[in-house]
Amino acid sequence: MYEVYPRSFADADGDGVGDLRGIIERMPYLASLGVDGLWLTPFQRSPQVDQGYDISDYCDVDPLFGTLADFDELLASAHENGLRILVDIVPNHTSTDNPLYEAALAAGPGSPERDMFVFRPGRGADQSEPPNNWISVFGGPAWHRAAPDSATDTEWYLHLFSPGQPDWNWENPAVAAYFERVIRFWFDRGVDGIRVDVAHGLFKAEGLPDSPTVPTVIDGLRSNPLAMDQDAVHEVYRHWRRVADSYSPGRLLVGEVNLEPIRSARYTRPDELHQTFAFAFAKLDWDAATWVSVGGHLEEVRQSTGSAPSWALENHDIVRTATRFGGGALGRRRARAALVALLGLPGAVYVYQGQELGLPEVDVPVAERADPMWQHGGVSRDGARIPLPWVSSATGTHGFSPSGAGRPWLPVPEGWGRYSIQVQEETPGSDLRLFREATALRAALAADGAFGSGDGVRWGVDGDSRLIAERGRGVRIVVAMGEAAVPLPPGEVLLSSEPLVDGMLPASAAAWVR
C-alpha cells in the first residue's frame, strides 16, 4: 500500500496545495509503481488546523482538495488501474468547526449536545483549573475552557491533540451511531477500506483521574494509559468488522495503534481490525541488533496471537529514513537497502510517497513551518511533508504545481529536482527503478508460492553485522549493516539493492536470496 499525502502529492489547480485532481492526473504513475492500493490521508472538510486531521464534516470533500465528484472520479480511476483505495477516518476527535461541536457550545452545560464530547467542570474554587493533569500530544494542557469569556459556563473540553480538535465522548451511544453512518457512507461509495486514526484512543479511563506521572509530549500516544487503550474500544471494532464484512467484497480495516506489539496485537483478533501498523519497527534506526530484537519480538507476538505485523518505515509523521539512517549519500543508500528489505518481508507493507525516490528529510525554516506540533510542542513534522518533485527544472515547484503557480504550502528546497521522478525515470539503477523491480518481483514470488503472506520470519545477525531475516519458505532477506561487505548465504540471488562485488553484498545494501 502506498500512502498519498494529498497536500504534497500533486497540485492541479495551482493554489500551492495538492488536491484530488492532482492525484487523478498522476494515476498512471501510481499504477506504474506496482503497489496494490493507495491510502489517502484526510481530504474531508476541515479548517486545516492539523492539516486535515481535524475533520469538520466526515462525509464531504474540503474545497481545498476538490469535490465529491472528484473523489468519485479518483476512485473509479484507481479501480480501473487495479488499485484499491483506503480513506482516513478520525474517530477519536473532530474539529471545533464541526456543527455538532458548535451546537454543544451553544447548548451549554448538562445538555445532550455537550454529551457528544468530553466536557467537565474545572477544578479549584472558581473552576479555573483544568479537570485533570493530562497534557496533549501536541504539548500543553489537554483541556481548554469551553467559553473562556463566560462567567457562568465553567466547563472545559478535552482535546488530546490541538485545541482545535475536541475529543468525542464514546461513552455516548449517539457517537457510535454517528460513526457507523460515516463508515457506511464511504463503503457505499465503493472505497475498499478505511485507515483508523488513533485507533487505540476513543475511550478514556472512568472518572478521568489524574495521571500518576505527567506524560511527555514525545510518545504521547502511548505514555498516558488513562487516555488510550481502554478495553471498551474493542467492542467498537467488533461492530465495525461486522459492518465491513457485510459488504461484498468485504472492506479492509487498518488501525493506527501506537502501542507495544503485544497490546497492539489485541486489535487484530479475528473479529476486529484486519491490520495494525508495527510502530516498533517504524521507529528503527540503522542498527542490526535493534532490527533483530524488534523483528524477533514481532515474530514472537505473531506466533502467540496469530496477529501478523503490517510493516512500515516511513509515514507523514516520521523523519524520513534517508535522514534517520545517517543522512547524505550514506543515509540514502541505507534507506534504499531498508526499503528492499521491507518489501521482502511477509504480509502487508506500507510505503510513504517519496520513499520510492529516497527523499531526505528537509529542515524547513522556522518561519515557514506549518505543523501545529511545532507551534504547541516544539516538534515539527513538516520536513517529511515537502511537495513531491516531479521534474528536474531548476525553477518553480519541480512539477508539483502548474507553470506560473504561486509558492507551495511548504517551501521546496534548492536542488530538490535532483530527486525528481523525471530524473529517476531516466537513470538506470535509480531508487525509483529499484522500487518497481522489487514490487514486480514481490508480486511474482507471491503468485508462484515462494512468498506466502502468512510466512513467519526468523531473525538473526552475526559478527559482521550481517542481518538475515529468513522467511518460512526458504527466502532470506540479507542486509549488510556494518562498514564491510558480507558473504551471501548459498542460493539464487533474486534481488540486490547494490551490485554484488566478487559475490559479496557490499556495505549498506540488501538482497533477497532463495
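The model is predicted, so local features need pLDDT of at least 70 and side-chain atom pairs count only at pLDDT 80 or more, whereas totals for chains, interfaces and linings use all residues. Residues are numbered from 1 along each chain as its sequence is written, and side-chain values use heavy atoms, with hydrogens and water left out.

**View 1. The second largest pocket and its lining.**
A pocket is an open set of points, on a 1 Å grid over the protein atoms alone, with protein on both sides within 12 Å along at least five of seven lines; lining residues have an atom within 4 Å of a point. The second largest pocket holds about 650 Å³ of space, where a volume is the space filled by probe spheres set on the points, and grid points are joined across faces, edges and corners. Its lining has 27 residues, and Asp36, Gly347, Ala348, Val349 and Arg442 lie nearest the centre. At least two lining residues come from each of strand E5 (84-89), strand E13 (349-352) and helix H16 (431-447). H16 gives the most, 5 residues. Helices (H or I, at least four residues) and strands (E, at least two) are DSSP runs, numbered from the N terminus. By class, this lining has 15 nonpolar, 7 polar and 5 charged residues. Ala, Val, Leu, Ile, Met, Phe, Trp, Tyr, Cys and Pro count as nonpolar, Asp, Glu, Lys and Arg as charged, and the others, Gly among them, as polar.

**View 2. The largest cavity.**
A cavity is a set of grid points where a 1.4 Å probe fits but cannot get out. The structure holds 5 cavities of 30 Å³ or more, and the largest cavity contains about 130 Å³ of space. Of its 16 lining residues, Pro261, Ser264, Thr276, Leu298 and Pro309 lie nearest the centre. Helix H9 (261-264), helix H10 (279-282) and helix H11 (288-305) each supply at least two residues of this lining, with the largest share, 3 residues, from H11. The lining divides into 11 nonpolar, 4 polar and 1 charged residues.

**View 3. The second largest cavity.**
This cavity has a volume of about 100 Å³. It is lined by 17 residues, and those closest to its centre are Ala335, Arg336, Leu339, Gln355 and Asp431. Helix H12 (321-324), helix H13 (328-343) and H16 each contribute at least two lining residues. H13 gives the most, with 6 residues. Here the classes are 9 nonpolar, 3 polar and 5 charged.
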